[in-house]
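Q: I'm new to this one. Could you walk me through how to read its features, a piece at a time?

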Amino acid sequence: MRARLLGAGSPVALLPLAAVAMPATAFAQTTVKFAAFGDIGSSSNAGAVASLVRSRGADLILMLGDLCYGSVPLATQVNANYSAEKKASKLRPALGNHEFTDSCGGGNNASGYRAFFRLPNNERYYDFRHGPVHLLVLNSYKDPDGTSATSKQAMWLKARLAASTSPWQVVLLHHPPYSSGAAHGSTSYMQWPFEAWGADAVLAAHDHVYERIIRDVNGDGVKVPYFVSGLGGRSRRSFGSAVKGSVKRYNSAYGALFVTATSTSMRFEFRRTGGTLIDSYSKTKSADAQTNDAFEFRVPPKQ
């Protein structure tokens, strides 16, 4: 495990993405909150999930792919329920397969998605920090830089994780490395060595279910949670046989995964629409070996 040193300083707010890190800063017990879910669309069910997210007061909304379906433009579908959050720069998306295969996303190069969000790096995969959490967003669908564990994209992730000085590292993508969903199941080509590279949690969607899977892939005694949060509103689907490490499976209603993090703890809660708690899981770590650099998220101006 990497050594991380924690200092002292003022609370950290979300800022635009800067090319360079600011001087080392402490997060103390600053608390940040995320909502994470995918497979969304613009139906009334998606609207119910949006209402749930607003009721929980999330700082950021992590959209885990398949934001749109069919031919209605992605911008129209996202704005149907999240226009205020888009204007407030609270949306952080990952690409799903429907952003490429359906005309709503702009076709083979997902041009509609990229024009709507104007993301950093190459707009397909990127990273940013919010408070004590370093979030790294992947493109798990036919990326030009590859999707294997030895691809250019994977080597970018490995390097970014190795260089991270944040207390927590969370990987976001659409296709789940592990899933018990009957429709898709585990995505073998995305079973990268996330744990060995330094990830603390992996969040995905694609299967329209909720699942928490706890795995110690390399057998070193460190367990990493893999979440499938695909009940964002499109539809609900069934489970097949449970994969190794599956702890909780749920598909009875739509909902979202909520993450609350400080420099020493990270709590995950899945709540169904209406707010009922379905599942919870927490991770903690000592504060006596952590360093943090402030990091900003800047959306490039439109040309």
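A: An axis is a line fitted to C-alpha atoms, for helices over the stretch in contact, and angles run from 0 to 180 degrees between N-to-C directions. Helices (H or I, at least four residues) and strands (E, at least two) are DSSP runs, numbered from the N terminus. This is a predicted model, where local features need pLDDT of at least 70, side-chain atom pairs count only at pLDDT 80 or more, and totals for chains, interfaces and linings use all residues. Residues are numbered from 1 along each chain as its sequence is written, and side-chain values use heavy atoms, leaving out hydrogens and water.

Q: At what angle do the axes of α1 and α2 cross?

A: Helix α1 (residues 44-56) and helix α2 (residues 74-87) have axes that come within 10 Å and cross at roughly 30°. That makes the two helices roughly parallel; angles under 35 degrees count that way, over 145 as roughly antiparallel, 65 to 115 as roughly perpendicular and the rest as oblique.

Q: Which residues in α1 meet α2?

A: Contact means heavy atoms within 4.5 Å. By that rule, A46, G47, V49, A50 and R54 of α1 meet N81, Y82 and E85 of α2.

Q: How do I read the sheet, and in what order do its strands come?

A: Strands of a sheet pair through backbone hydrogen bonds, either parallel or antiparallel. Two strands count as paired if DSSP finds at least two bridges between them. Here 7 strands make an open sheet with mixed pairing, ordered β4-β5-β6-β7-β9-β8-β10. At the edges sit β4 (126-130) and β10 (246-250), each pairing on one side only. From one strand to the next, the twist averages 15°.

Q: Which strands does α5 lie across?

A: Helix α5 (residues 152-163) lies across β4, β5 (133-137) and β6 (168-172), and runs at about 175° to β5.

Q: How many disulfides does the structure hold?

A: A disulfide is a covalent bond between the sulfur atoms of two cysteines; the cut-off for the pair of sulfur atoms is within 2.5 Å. The structure holds 1, joining C68 to C104 with S to S at 2.2 Å. The link is right-handed, with 75° about the S-S bond. C68 is in the loop between β2 (60-64) and α2, while C104 is in the loop between α3 (98-101) and α4 (111-117), 36 residues apart.

Q: Is C68 buried or exposed?

A: Buried means under 20% relative accessible area, exposed over 50%, and partly exposed in between (1.4 Å probe, protein chains only). C68 has 0% relative accessibility, so C68 counts as buried. C104 is buried too, at 3%.
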